Amino acid sequence: MSALAAGSQVGDPILNTVVFAAFVVITLYVVYRVSGRNSSTSDYYAAGGRFTGVQNGIALSGDFLSAASFLGIAGAIAINGYDGFLYSIGFLVAWLVNLLLIAELVRNTGRFTMGDVLAYRMRQRPVRAAAATSTLVISFFYMLAQMAGAGAVVALLLNVQGKGGQALVIAVVGLIMIFYVLVGGMKGTTWVQIIKAAILILTVVLMTVFLIGKFGFSISALLDQAAANNAKGTAVLEPGAQYGKTPISTVDFISLSLALILGAAGLPHVLMRFYTVPNAREARRSVVWAVGTMSVFYGATLIIGYGASALVGSDRILSATGRENAAAPLLAFEIGGTVLLGVVAAVAFATILAVVAGLTITASASFAHDVYANIFRKGNADAASEVRVARQTAVVIGVLAIIGGILANGQNVAFLVALAFAFAASANLSTLLYSLFWKRFNTNGTLWGMYGGLGSCLLLVFFSPVVSGAPTSILSGVDFHLFPLSNPGIVSIPVSFLCGYLGTILSKEPADAAKQQEMEVRSLTGIGR
């Protein structure tokens, strides 16, 4: 069966649908079985803190290895070679910041959300409102990438060519995700992520071994064929195929690197996972296991990306429905036929479902815990009402994610996730580090840092080629871009640190010394949590 022409059918849509449906049925059953009552906030938000470091580490990798990792990075390597692999390097190195500076301290200080940490020694209401705003914005941008990936995979694997059909399937994916969150809470979502991570790692390892074997276990032979079958030739084997050609592209690369390396430590759905383990030691083990698991995965993406270039070819990838995002599915069909494509289809959908479920429960928990319970009810909300609000918020967020995913359908998912990382690093990282390590830091500095970083990032993205002025822009028919970089991290991240610093030293409000000392002891020892 030919799958090479643009818009042509890839594999058997019926088999692809059956394999994906089987995954959905199995995971829905698991979610139902492990969900329990989920009536307390601890159960719904943090699974009662009963997961081990190993379990949580695998779940962390399942939460973090999104459609950007499986579809976007493989496609970026297939088209741009070495420069595409920089996404993998950035995503992986980012976890060193979490391991060394964030995981243990955040686990000891907070209970359910990032707002718990930031508001610990500050005025509760304004800081929690800022934390919730940041969480919702970052989660929404991250969801856009996953939903865009859903549209690309569906278009390719189920032979859904029209925008209306793709929009319908994005809506179905969103509804399944909402069900995961409503019924399973954090416990059900975690098990979905563990299952998805195991299947994803097994799939990419098997594809990698097969590819290397196909070229006589010679990496050089694979790379030679990849260069021969790529429109950019041998340029894909060295730096510069995508970045570095002009001063602007060089700065854009530096900006992207900053966002990728610093963004993971500010991602709310990653930070929230540290509360699902019983102590700080297990939080550290979680990160170590996550790094180990993801190292295997990102190493495999290098072979898969170049393998797609070698066996499928850059021209065929770019002419297919889904463009770069189609590289991994097209490669699966090339080396394993319809059956392997069906497996890859299920893995791609599972990736999207698991990550969006994690984002949804994080965003809904932030609104219910930080806004409803601590701002509207001033800390006097009962557990049942807080969980009810969290579930209602999950539905609203799910609907918005579906709408946003339909609008973003067709964008490169790795690129969209990089924007979410820029938002996370700009809005959250500076305030987290200042809160944990700077005694003088106060409420005013927290608000300046969060809103300054978030606002500058939003403004720069709106006036960047991401939104207008380029063929790949979301609004490709108009041009009002003023900022030349596609990723604003090189500007917005320093702005956030500067705003947090200036907001603190220019404020007459003194820091709460007693709470700062209490937070320091608690973050280092876990006493009183």
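The structure is a predicted model, and the points below are grouped by topic. A search of the whole structure finds zero disulfides, while helix α17 has end C-alpha atoms 28 Å apart, in agreement with the span that its 20 residues should have.

**Helix α17 and its cap**

- Helix α17 covers residues 443-462, and its 20 residues, taken at 1.5 Å a residue, should span 28 Å, which agrees with the 28 Å that separates its end C-alpha atoms.
- The N-terminal end of α17 is capped by N442, which places a side-chain oxygen 3.3 Å from the backbone nitrogen of N444.

**Cysteines**

**Crossing of helices α3 and α12**

- Helix α3 (residues 53-64) and helix α12 (residues 280-311) have axes that come within 7 Å of each other and cross at roughly 45 degrees.
- The two helices α3 and α12 are therefore oblique to each other, because angles from 65 to 115 degrees would count as roughly perpendicular and angles under 35 degrees as roughly parallel.
- The crossing in which α3 passes α12 is right-handed.

- T203 has its place in helix α8, which covers residues 163-214, and with a relative accessible area of 7% T203 is buried.
- A polar atom of the T203 side chain lies 2.7 Å from the backbone oxygen of I199.
- F217 is found in the loop between α8 and α9 (219-228), where its phi is near 55 degrees, a positive value in a residue other than glycine.
- The relative accessibility of F217 is 62%, and F217 therefore counts as exposed.

- F23 is placed in helix α1 (residues 13-35), and its relative accessibility of 8% is why F23 counts as buried.
- Although F23 and A350 are 327 residues apart in sequence, their C-alpha atoms are 7.4 Å apart in space.
- F20 is likewise found in helix α1, and at 12% relative accessibility F20 counts as buried.
- The pair F20 and G342 is separated by 322 residues in sequence and by 7.6 Å in space, C-alpha to C-alpha.

**A pair separated in sequence and in space**

- E509 lies in the loop between α18 (489-505) and α19 (513-525), and its relative accessibility of 26% makes E509 partly exposed.
- E509 and E282 are 227 residues apart in sequence, and the distance between their C-alpha atoms is 37 Å.

Notes:
Residues numbered from 1 in each chain as written. Predicted model: local features only at pLDDT ≥ 70, side-chain atom pairs only at ≥ 80, totals over all residues. Heavy atoms only, no water. Helix = DSSP H or I, 4+ residues; strand = E, 2+ residues; numbered from the N terminus. Expected span 1.5 Å × (residues − 1). Polar contact = N/O pair within 3.5 Å; in protein donor to acceptor, adjacent residues only side chain to side chain. Disulfide = S-S within 2.5 Å. Axes fitted to C-alpha atoms, helices over the stretch in contact; angles between N-to-C directions. Parallel < 35°, antiparallel > 145°, perpendicular 65-115°, else oblique. Left-handed = near helix turned anticlockwise from the far one by under 90°. Buried < 20%, exposed > 50% of the residue type's maximum accessible area, 1.4 Å probe, protein only.
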